[in-house]
Amino acid sequence: MTTTDKASTRDRLLDAAAEIFYLEGVSVGVEALCRSAGVSKRSMYQLFASKGEVLAASLERVLPSYEALLAPDSQEEEAGPPRERILHVFERLERASAEPAYRGCPYLAALVELKDPGHPASVVARGAKEWLLGFFRARAEEGGARDAELLARQLMLVFDGASARAGAKVETLDGLTTTTVTALLDAAGMR
């Protein structure tokens, strides 16, 4: 097998893992994962020691696009007021949640399903959630929130709760999260 073959096998496996784990959950078996990727179990185990490592690598691989989905996508937006940058995240969440294939935050889902904080995928997922918490905290500090840490944690609760409810198709988010977040920003004295 050439290096190119290994890279394409790895790519196919990670692409399939990202999709199948997102749509069906992390309990999907190795057989189904390999079938979806069009690779043999032997090939998977030559590249990864376990299904958990495949899951972790797939979550890590999609993290840049996840961050780009939520974070401002132009330098002009990057320079926007902190309050608007926070609201932008929730506007993006509302738009994403309206898509038929939306199943919630993949990182929250992995944390909830795995339960093991030491699992390689839990480590990646926790890092993604810490990134978002840090984003909220930094914007809260920039915007003069009275308690930036508390506000950041409250925003995470809204984000994760909204993501879970919309992903489970028990709630539509159209305007709900932005209205809720606006109230939290006002209460915290955010500019």
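**Nonpolar core and helix packing in a predicted model**

The largest nonpolar core comprises 60 residues, and those with the most contacts inside it are Leu33, Phe90, Tyr107, Phe136, Leu151 and Phe159. A nonpolar core is here a set of buried Ala, Val, Leu, Ile, Met, Phe, Trp, Tyr and Cys residues joined through side-chain atoms within 4.5 Å; buried denotes under 20% relative accessible area, exposed over 50%, and partly exposed the range in between (1.4 Å probe, protein chains only). Two or more residues are given to this core by each of α1 (3–24), α2 (30–37), α4 (51–70), α6 (82–97), α7 (106–114), α8 (120–142), α9 (148–167) and α10 (176–187). The structure is a predicted model, in which local features require pLDDT of at least 70 and side-chain atom pairs count only at pLDDT 80 or more, while totals for chains, interfaces and linings use all residues. Residues are numbered from 1 along each chain as its sequence is written, and side-chain values use heavy atoms, with hydrogens and water left out.

The chain contains 10 helices and 0 strands, both taken as DSSP runs numbered from the N terminus (helices H or I, at least four residues; strands E, at least two). Of its 191 residues, 45% are buried. The C-alpha trace spans about 60 × 35 × 30 Å along its principal axes.

Phe90 is in contact (heavy atoms within 4.5 Å) with Phe136, Leu155, Val158, Phe159, Thr177, Thr178 and Val181, when neighbours within four places in sequence are left aside.

The axes of α9 and α10 come within 11 Å and cross at roughly 170°; axes are lines fitted to C-alpha atoms, for helices over the stretch in contact, and angles run from 0 to 180 degrees between N-to-C directions. The two helices, α9 and α10, are therefore roughly antiparallel to each other (angles over 145 degrees; under 35 is roughly parallel, 65 to 115 roughly perpendicular and the rest oblique). In this contact, Leu151, Gln154, Leu155, Val158 and Ala162 of α9 meet Thr177, Thr180, Val181, Leu184 and Leu185 of α10. The residues of the contact divide into 7 nonpolar, 3 polar and no charged, where Ala, Val, Leu, Ile, Met, Phe, Trp, Tyr, Cys and Pro count as nonpolar, Asp, Glu, Lys and Arg as charged, and the others, Gly among them, as polar.

Helices α4 and α6 pack at an angle of about 110°, with their axes 8 Å apart, which makes α4 roughly perpendicular to α6. Here Ala68, Leu69 and Leu70 of α4 meet His88, Val89, Arg92 and Ala96 of α6.
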